[in-house]
Amino acid sequence: MLSDRLTLALDTGTIALPGEGRIAVAGATARDDLSMLPRERITVISHFYPDYQAFKTAGYNVNIAFEGPFVATIIALPRAKKAAQEMVAKAARATDGPLIIDGQKTSGVASMLKALKARALVGEVLSKAHGKIFAVTGGDFSDWLHDETHIDGFVTAPGVFSADGIDPGSAALASALPKVLKGRVIDLGAGWGYLSHAVLQREGVTHVDLVEADAVALDLARKNITDSRATFLWDDATTYVGEAADHIVTNPPFHTDRTANPDLGRAFIRHAAKLLKPKGTLWLVANRHLPYESTLEERFQTVQLLNQSASYKIYTATRPKSPR
Ligand SMILES: C[S@@+](CC[C@H](N)C(=O)[O-])C[C@H]1O[C@@H](n2cnc3c(N)ncnc32)[C@H](O)[C@@H]1O
């Protein structure tokens with residue numbers, strides 16, 4: 001974890017931060033403890049709403065993007081290789097000093113280290129708790145700034161969900177939706193907008209609220225959907241407060257930062273029950289192995305398995321038990 005390795009690296013002198021000036025921290029999650037750093041000099045860069053809000057509430061300067069100059073940037077590597085490269089390239093552009101790279105084995109830190117050694121000066125490497133931390137100076141990373149990708153008529157980018165193609169589960173849910181969907185629809189965890197785009201093809205839709213925590217994905221959704229019935233909301237789908245919906249569509253996430261966590265999907269389902277009108281319907285797709293049935297039954301009076309394949313299950317749920 002970033003906190004443990006960073007503390008040890010600073011204590012042992014493996015890594016030294018400049019004595020003054022602004023320091024950026026990118027890729028940290030709300031579970032990372034940054035108390036070993038001089039808070040007043042830190043700007044936490046996060047485009048993920050729950051992390052952004054948690055650091056803001058804790059009194060840190062926060063920003064969605066790198067607005068330098070910084071004297072150093074600490075990077076907790078994301079899992080997706082291209083997203084990690086892009087983070088390094090953006091950090092390098094905004095930093096006149098070392099980049100401190102921290103990563104778990106599972107985030108590909110070893111191959112990142114190798115790639116960095118080939119193009120920059122890498123200091124001593126500290127390995128601990130299935131990960132590594134090291135400082136990098138110099139180097140040109142401009143070719144790591146990746147362009148957006150065009151797939152099946154949509155724009156995506158590294159690091160967002162289903163960056164390389166439409167998610168088969170979402171495609172299955174889109175084709176299971178009826179021809180007519182009357183009224184206001186919320187897409188919880190809308191990503192780059194695939195499901196909302198499908199919803200807007202249905203008759204009777206008056207409005208779609210796209211609720212998404214990843215600001216990068218939401219920006220892509222703005223490009224993919226130019227329909228005036230769509231509203232783009234950077235928010236947490238488990239706490240979002242908005243106008244009640246006639247329908248909610250969702251392919252809930254099942255990861256919290258770097259860890260698989262079905263509780264997040266369960267929180268989406270519980271909150272969907274609160275956001276629906278009493279006669280509203282939830283349309284949900286989930287990987288077959290995810291244990292959502294009991295939460296659906298806990299929060300809705302009627303739950304129906306609409307469709308299933310070897311990989312996915314599609315449910316509708318109606319008559320929420322906790323209407324607003
Ligand atoms: C499985 S993806 C589905 C994306 C899109 N609806 C699709 O079908 O392609 C789940 C989405 O939920 C987003 N997400 C994760 N946690 C969230 C939260 N707490 N609030 C809102 N969105 C969240 C992720 O960024 C991701 O885009």
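The questions and answers below concern a predicted model of a protein chain.

Q: Which domains does the domain assignment give, and how many Å apart do the C-alpha centres of domain 1 and domain 2 lie?
A: The assignment places domain 1 at residues 2-144 and domain 2 at residues 149-320. Taking the C-alpha centres of domain 1 and domain 2, the separation is 32 Å.

Q: Which helix gives the most to the side of domain 1 that touches domain 2?
A: In the contact between the domains, 16 residues of domain 1 meet eleven residues of domain 2. On the domain 1 side, α2 (49-57) and α3 (81-94) each supply at least two residues. The element that gives the most supplies three residues, and it is α3.

Q: Which class, nonpolar, polar or charged, has how many residues on the side of domain 1 that touches domain 2?
A: The domain 1 side of this contact is made up of 16 residues. By class, that side has four charged, five polar and seven nonpolar residues.

Q: Is A129 buried or exposed?
A: A129 has a positive phi of about 50 degrees, although it is not a glycine. Its place is the loop between β7 (126-128) and β8 (131-137). A129 has 11 C-beta neighbours inside 10 Å, so A129 counts as exposed.

Q: What is the phi of R319, and in which strand is R319 found?
A: Most residues other than glycine have a negative phi. R319 is not a glycine, yet its phi is positive, at about 55 degrees. With 16 other C-beta atoms within 10 Å, R319 is partly exposed. R319 lies in residues 312-320, which form strand β19.

Q: Through which helix does the chain cross from β11 to β12?
A: Strands β11 (residues 180-188) and β12 (residues 203-212) run parallel and are joined by seven bridges. One of the bridge pairs is V180 with E203 of β12. The β-α-β crossover from β11 to β12 is right-handed, and its helix, residues 194-199, is α6.

Q: Which residue of β14 is the bridge partner of L188?
A: β11 pairs with strand β14 (residues 245-250) in the parallel sense, over four bridges. The bridge partner of L188 in β14 is T250.

Notes. Residues numbered from 1 in each chain as written. Predicted model: local features only at pLDDT ≥ 70, side-chain atom pairs only at ≥ 80, totals over all residues. Domains from an automatic or database assignment. Contact = placed C-beta atoms within 7 Å. Nonpolar A, V, L, I, M, F, W, Y, C, P; charged D, E, K, R; others polar. Buried ≥ 20, exposed ≤ 12 C-beta atoms within 10 Å, placed from the backbone. Pairing = 2+ DSSP bridges. Right-handed = clockwise from strand over helix to strand, strands pointing away.
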